[in-house]
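Please go through the packing of helices and strands in the structure shown here.

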Amino acid sequence: MAWGGWVTATDLPEVLNNTRANLSRNTRGCSRHTPQVAPLSWGYDLDSTYPSSVYRYDYVLAADVVYHHDFLDELLATMKHFCKPGTTLIWANKVRFESDLVFTENFKKAFHTSLLAEEGEMKIYMATSREGDDEVDQGLDIRDLLGEENGKTGEEESNDDSEDKPSCAHQEVGSGILDNDRKEEGKEDKEFESDEKEEEMVTSKDDETDVQNDTATSNGKISEQENSNQTAVRQKWVPHIICQTNKDIYHYAGQDIVIYESIDSFGAMMWPAALALSSFLDNNRHTVDLQGKEVLELGAGTGLVAIVASLLGASVTATDLPEILGNLRVNLMRNTRGLCRHTPQVAPLSWGYDLDSTYPSSVYRYDYVLAADVVYHHDFLDELLATMKHFCKPGTTLIWANKVRFESDLVFTENFKKAFHTSLLTEEGEMKIYMATSQEGDEGDGNRLSRPTGCRLKP
């Protein structure tokens with residue numbers, strides 16, 4: 001926006017509130033054009049909602065839109081719909097999965113492409129439509145984004161300033177679904193600014209010290225890159241802050257819990273079921289007594305649930321994929337050191353059918369197995385259920401918190417109910433928390449909890 005572009009930011013409807021607030025906070029009074037926000041679901045049939053004759057753009061931007069989901073074909077179709085002759089598409093991506101490579105090949109076949117910049121697994125591509133031969137001219141325009149001199153004169157810049165009137169596309173969007181966005185900006189700005197001030201007040205020097213010590217490897221790399229400026233020129237598109245994780249502060253079990261998220265994985269981000277389960281455990285200690293209990297968490301992610309369980313007196317083993325464990329371990333250490341009777345442990349665990357070799361049931365037995373938001377749009381739901389059955393033996397209680405998002409959630413829930421003795425502990429809207437015990441023997445019934453009364457999600 002600092003360059004004066006007329007921007008329409010799109011995403012799924014549930015994401016737009018946060019998008020709108022961030023845009024408003026950071027551009028109000030600073031940009032020539034007020035950025036717009038609009039819902040957009042990728043797909044093949046966009047002519048009815050975004051007809052090409054009306055919605056024409058000079059540039060289409062996309063960053064990290066390729067990840068582990070099942071809509072890559074729809075994404076490519078959406079890119080082709082908006083990237084018509086005269087439009088330049090700029091796509092930035094960090095390669096994480098094999099599907100990224102497949103998509104990249106299809107992307108190159110669909111457009112005239114060139115690689116603008118790369119650093120390790122991070123690549124930025126420029127693409128133009130194959131419907132015309134404008135790719136050469138568009139390739140020249142892209143140098144403006146990289147900060148290279150292209151001989152633009154002051155007179156030309158003056159002419160640009162006079163072009164404040166939006167195109168038909170912008171008028172159409174502004175007069176339709178986007179008009180109501182401006183009405184809510186003021187209120188959202190005040191709320192988010194208040195949150196920022198509160199966060200700054202709560203942050204302590206101890207947290208900063210822990211982050212420096214516990215993430216020495218990653219921060220060391222950043223420091224090396226910054227120091228290398230004396231001998232090497234930083235690429236123009238690389239920011240001075242290479243990566244900044246999101247920090248949130250929660251209050252459970254009488255403690256302020258500082259959680260850092262990692263932007264590199266879904267598993268290292270905070271999801272609503274983790275908040276719901278943490279609140280449930282904190283407010284229903286008479287129902288789920290974790291004091292001195294052996295607890296295993298599946299898909300621990302940022303570690304919030306494991307931290308709360310540890311603060312409530314449990315001996316916790318938090319598990320997740322190997323690439324998640326670094327951030328998970330840091331969050332656990334920062335929030336439990338010197339506060340818990342039992343030091344929480346971290347272990348890698350990939351869901352699957354053959355767990356006897358790595359986690360034999362004769363050795364790894366737990367009083368409770370906890371899981372929050374482990375059911376989402378992925379292809380390992382059968383393996384997840386098998387993992388739950390492996391650890392939830394007679395004498396073990398499984399507590400699973402989930403927010404229903406997809407039809408696959410409902411299918412998994414039905415299979416979950418068939419696999420265990422289950423009861424619904426509490427629910428609030430689409431958020432549900434289940435308790436389950438093994439069906440392998442009747443002795444599991446003695447450990448089952450009848451559905452409690454007065455269970456609360458919120459303090």
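Axes are lines fitted to C-alpha atoms, for helices over the stretch in contact, and angles run from 0 to 180 degrees between N-to-C directions. Helices (H or I, at least four residues) and strands (E, at least two) are DSSP runs, numbered from the N terminus. The model is predicted: local features need pLDDT of at least 70, side-chain atom pairs count only at pLDDT 80 or more, and totals for chains, interfaces and linings use all residues. Residues are numbered from 1 along each chain as its sequence is written, and side-chain values use heavy atoms, with hydrogens and water left out.

Q: Are helix 2 and helix 3 roughly parallel or roughly antiparallel to each other?
A: Helix 2 (residues 72–82) packs on helix 3 (residues 98–110) with the axes 11 Å apart and at an angle of about 25°. Angles under 35 degrees count as roughly parallel, over 145 as roughly antiparallel, 65 to 115 as roughly perpendicular and the rest as oblique. The two helices, helix 2 and helix 3, are therefore roughly parallel.

Q: Which strands are the edge strands of the open sheet?
A: Four strands form this sheet with mixed pairing, in the order 3-4-6-5. Two strands pair if DSSP finds at least two bridges between them. Each edge strand pairs on one side only, and these are strand 3 (59–63) and strand 5 (111–119).

Q: How many bridges join strand 5 to strand 6?
A: Strand 5 and strand 6 (residues 122–129) run antiparallel. E118 stands opposite K123 in strand 6. The number of bridges joining strand 5 to strand 6 is eight.
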